[in-house]
Amino acid sequence: MTDMPSQDRMQAKKPPSRWVRMWDSDLAWSFRHSPVALVSLIVVLILVGAAVLAPVIAPTDPFNPASLNLMNGFSKPLEPNAFTGEVFILGADDQGRDIYSTILFGLRISLFVGVSAVLLAMLIGVTFGLIAGYVGGFVDSVIMRIADVQLTFPSILVAMLIFGLAKGVTPIAYRDEVAIWVLILAIGLSDWVQFARVVRSATMVERGKEYVQAAQLIGRSGGAIMLRHILPNVLSPVLVIATISLALAIIAEATLSFLGVGAPPTQPSLGTLIRIGQGFLFSGEWWILFFPAVTLLALALSVNLLGDWLRDVLNPRLR
Amino acid sequence: MTLLSVENLGVAYPTRRGNVQAVTGANLMVEPGQIHGLVGESGAGKSTLGAAIMGLIDAPGGITDGRIHLRDQSIGGLDKAAMQALRGAKISMIFQDPLTALNPLLTVGDQIVETIRQHLDLREDEARGKAIALLDRVGIGDADERIDQYPHQFSGGMRQRVVIALALCSEPDVIIADEPTTALDVSIQAQILDLVRELAREQQVGVILITHDMGVIAEITDVVTVMYRGQVVETGPTAKVLGNPDHDYTRALISAVPPPNRKMHRFELISYGGGLPKVNIDELSGGWTAPLSDGPLIVAQSLTKLFVQKRSLIPSRRRYFTAVDDVSFDIRAGEVFGLVGESGSGKSTIARMIAALYSLDGGSVHFDGEAVDRGSSATMLNSYRRQIQMIFQDPFSSLNPRMRVDAIIAEPLRHLSDLSGDEVTRRVDALLEGVGLGSAAGRRFPHEFSGGQRQRISVARALATRPRFLICDEPTSALDVSVQAQILNILKDLQEQLNLTMLFISHDLPVVRQMCDRVGVLRNGKLVELADTETLFEAPQHAYTKELLRLMPRFRTG
Amino acid sequence: MIGFILRRVVQSFLVLMVVGLVAFAMFRFVGDPVDNMLGQERTQADIERLREQLGLDQNFVVQYWRFLSNALQGDFGISYRQGRPVAEILIERAPATLELAAVSGFLAIAMGIALGVFTAIRRNGLGASTIMAASLIGVSLPTFLIGILLIYLFSVELGWLPSFGRGETVRLGGWTTGFLTQSGLLALILPSITLGLYQMTLIMRLVRSEMMEVLRQDYIRFARARGLPDRVVNFRHALKNTLVPVITVTGLQLGSIIAFAIITETVFQWPGVGLLFINAIAFVDIPVMAAYLMLISVMFVAINLIVDLLYLAIDPRLRTQ
């Protein structure tokens, strides 16, 4: 770091705008040069777009019993139905529901649950991680002990337990209605530990840096230091964890729904669709299972690929 | 006959913005038994040159041209297997940080024995005998017992001796030592340097000693090569190069080294490669000076700080470590008071106690007659905080990387003063102009600045609230020597023209001599001596002070 | 060192007490146990009698204590759904899950470490890149889909392996094993691959990133600078240091094998405790859920204790403190 005297006065050069700086940043550069990251992002964007626009682009409303015709049951993909002559791009299930439409709506549920659960986990984890790392001492011990104990129990199991308990305390009539929210709560609560651990260790590194002491020196409160100074500096590992967690949460939701302890049949997610399709696999109606499964895999894989790329670029030490 | 020769060597690292040429056209010759110094500031390419000789350039970098000869054999273009046979056998290396250079999970003996057996045709028990002899040779007592210990059971200096023993395992011809004493305290540094010199003479090994420290160069090397931005600018016998340098850069570098034997008014700044940004104190201060009062501004009495070493719920089972032990001193208004000591002596802890960052476990701090500590009222503390400020050691960690420079400098003003938004902006602009960066620098982020520029930003932040008292905690120890000279000059100007009172903390005795009026010497948390600077350097009283002064690397100019 | 182990044992005990409390609270407060256990045809006298029998008229602490001491004696109450003692059902079903978990755990750890080390050392090679790409598909494929896929391929299309159940089992004392019959072994193949694959990818990716981190350390550079051959540097110096963090996570992974067994058992209709648990959730059979929770936490705590002991064996810094 030799001082370059010629650069010492920077008045002559106008600092580049925010957009130019972003475009020029290492992150953006590495993104432009990574075909895998680009393709993954495009796939994710298409799937998110399809989920958001599902009510608009879906050919039928699969949950409106009036629009269903049992005669359409087991229509093969792209072949006109023998009785009604209707054509379904991806086929129809036993009830005559259009698979393409159910996938669009299932994707909507899967993404909504996944994203909400990750946001919940992030909120809890980042808050506790910041507090544990900054305050330290007894508070840190208590928070991290709780985290350790929870970590001992695999998150899918914790989610099942929370789901089971919530089901137990909810009156039967409301179970389907609250199922989605219970699912979000269960997955969110089972996944905060990752965020807390990473944020805590990053916070402990930042806390030791002198800019934090400079803020303490002028009497900034602990809360202001955590939010204004430390939080912006620990966000990049949070971003990586959030991406990887999103893939995990989507898979967890699908798994719970597949096991029948997740999304209710009235609001089927991709996992529920696979659960339904599994029954028809052995009798030859492969499309009922195949298309939801491929959609789920494409979603999880592209989110994972993005997370993997982010981790390589930001390269924090992650466990 | 020349032992090792490097001719016209180039090393480059490809990056997305094109090739970065780390070393260009470097020449170097090493004779048996000679200690060859390789000196330069950060980014000079000296470590890269060392790694290139070892064949340890990290991918994707590589040697682009030039030749390396060991005796008659060319080693520059050797394939991987041949290089590996040579590496460690004929050329070995000493790393900078002994804490990370040893595998923590293997005993010291395991690591030495496996290296010996790799290079010499010895049986297990013979190799072990040789390992014990080696440890004994590098000055580790009870070698036959300590050989079975793990690295964490050795102190920092002892570990560096183990590292040296490892480098000697194969009876090499050349040893490359990359900043071998930078991570060590001055007393241990002297011992390690003595050991290196003895070994070079005794075993006729050629040593390439890479360092940024002119004191180390003057102390131990026979020949020195000076590098600047990837190029060799000068080479020759140490006495000649240091006493009568040919190249302008060498002259600039030497003039920036603080002399231990006299106090200068200011460093004579010889600019190399461009003009030096001037500091404009009137602009910086807006005509303000700190009010002078008679008597001490800071009175520290019986300061004591305990750190918890072992936590326990039961109070009687807790173990404490006394970081600061009954330290008393006062700082007169307008003086620069120095605290010196080795790592762990408690000097930074004292600074943080005075700055009310740490609570006091005993004693008191009075500022301008009033007692201050973390328990004082908020009004009281805020008024105190307006009047004291701090400049930190590491300019890379003392500025929040996610905040713009203007926000960093404005933060103390927004939090502690009642200036309006416009007044804050004007004050920030004036401060940036004043420290020579220009007000446009405020719209940038810290990573866009070099170390010296960042330390100027720190100075601007520290002066924003127009304090009376400035704490400087090792303000230049992370900087290159030429930048250090600039920053020290700025601090001196500020102190004199604004009547600032300063607490100056450093481990570097020559720097302390340049900066301070009075100095306290700390050891293991205790104040062992306190005297006027000149008295302390010319006639030290305490045995520890005498020892420190004796071991200080002597680099005399003029 | 003995203090360290003792502290861990005490901690484990505390964890078990807390889990016991959760399990008990589930049993006590989620729904009304009396309601659940008696059918529609009940009299007030029946209710009173059952209340007294269950000790529901006592205060909370006494009830909790009773619950714990009963649990210690192997009495977890009676399943709402099957009307049999929970302990009996669990003992009957445990061997199936344990055998499945043991096989897939061994598979996951052995393959995971081997592949992780391989991909870390040959980080830019073709083989390593292929394995890494495959592993990403591996972590993106939910366990149940792997199971369905394998069943479709090897049972439905090829007809080589059974698609459900344990095959024939042999009774050895109180244990039923599938290891001793051909059909039992064949039945084990698909479920154990399904269960082990996901864990293997996780372990492999972890080993790889830890090892690459270790390979960047100064002591590795120094070992190379001393002329030690790659084999020694990689396997003697780097691998051991890699294992220190890997052991913790692997311990946790073993825990998740037991949890993920729930999914595998559902897909393959494997008659283990996981299938029992998932049915218990669906029917809110609280005593079974509580007992499963207690049982599984004893296992997890035991695994963690073993992990701590392994730590002591590997890292001398812990031994001499």
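How much area is buried between domain 1 of chain C and domain 2 of chain C? The answer is about 690 Å², with carbon and sulfur atoms giving 92%. Buried area is the accessible area (1.4 Å probe) that two parts lose on being put together, summed over both. This is a predicted model, in which local features need pLDDT of at least 70, side-chain atom pairs count only at pLDDT 80 or more, and totals for chains, interfaces and linings use all residues. Residues are numbered from 1 along each chain as its sequence is written, chains are lettered from A in the order in which they are written, and side-chain values use heavy atoms, without hydrogens and water.

**View 1. The two domains of chain C.** Chain C splits into domain 1 (19-72) and domain 2 (87-320), with bounds from an automatic or database domain assignment. Their C-alpha centres lie 37 Å apart. Nine residues of domain 1 and seven residues of domain 2 make the contact (heavy atoms within 4.5 Å).

**View 2. Chain C against chain B.** Here 23 residues of chain C contact 28 residues of chain B. The buried area is about 2400 Å², and carbon and sulfur atoms give 55%. C:R221, C:F222 and C:R226 supply 27% of the area that chain C buries against chain B, more than any other three residues.

**View 3. A salt bridge between the chains.** Chains C and B share two salt bridges. One of them joins B:E114 to C:R226. The closest N and O atoms of B:E114 and C:R226 are 3.8 Å apart.

Note on methods
Salt bridge = Lys/Arg side-chain N within 4 Å of Asp/Glu carboxyl O.
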